Amino acid sequence: MTEFISKLEIKKIHRIVQKIFQITQKADIFCSALLLQAWRRVNYIFNKREIYASLERRKGNCLRCGRCCHASLRCQYLEYDENGLSLCRVYDRKPTMCSLYPYNENDYFYHLKSTCGYNYDDE
Ligand code: SF4
Ligand code: SF4
């Protein structure tokens with residue numbers, strides 16, 4: 001009986017540890033996405049020329065997964081069509097920072113880099 005109870009306790013602790021791990025992971029992704037969003041704006045102000053130059057090396061296409069539009073907080077203009085592809089409600093006048101993503105090999109939300117349709121030559 002004591003053994004059964006301690007097994008139950010271990011399961012309970014395991015679940016709690018898993019939950020804490022998931023929350024920590026989400027917080028990590030959220031904070032790093034916010035930092036990147038702030039950083040890329042500052043970088044854009046001071047290094048426009050380099051940014052436009054590196055964009056010329058960008059290869060691939062946007063796969064319209066829409067994940068960069070809710071890397072931290074979900075953008076209010078993000079929608080999905082019936083095929084699950086993302087739609088930007090302000091596509092024709094979307095913010096410059098959206099059109100520039102990703103502007104170089106470091107300008108990726110780290111958890112999205114492997115799934116983004118864009119890539120850079122020298123990676
Ligand atoms: S993560 Fe990449 S592929 Fe997905 S919507 Fe953003 S730019 Fe397009
Ligand atoms: S404005 Fe459009 S492209 Fe930019 S984050 Fe929002 S939905 Fe995405």
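A residue is taken to be near a molecule if its C-beta atom, placed from the backbone, lies within 6 Å of it. By that rule, the residues around ligand 2 are Cys69, Cys75, Tyr77, Leu78, Cys88, Val90, Lys94, Pro95 and Cys98. Sorted by class, this shell has eight nonpolar residues, no polar ones and one charged; here Ala, Val, Leu, Ile, Met, Phe, Trp, Tyr, Cys and Pro count as nonpolar, Asp, Glu, Lys and Arg as charged, and the others, Gly among them, as polar.

The model is predicted, so local features need pLDDT of at least 70 and side-chain atom pairs count only at pLDDT 80 or more, while totals for chains, interfaces and linings use all residues. Residues are numbered from 1 along each chain as its sequence is written, and chains are lettered from A and ligands numbered from 1 in the order in which they are written.

Now for ligand 1. Its surroundings comprise 13 residues, with Cys62, Leu63, Cys65, Cys68 and Cys116 the closest. Eight members of this shell are nonpolar, three are polar and two are charged.

As for the fold, the protein has three helices and four strands, counted as DSSP runs (helices H or I, at least four residues; strands E, at least two) and numbered from the N terminus. Along the sequence they come in the pattern α-α-β-β-β-α-β.

What about overall shape? The C-alpha trace spans about 70 × 35 × 25 Å along its principal axes.
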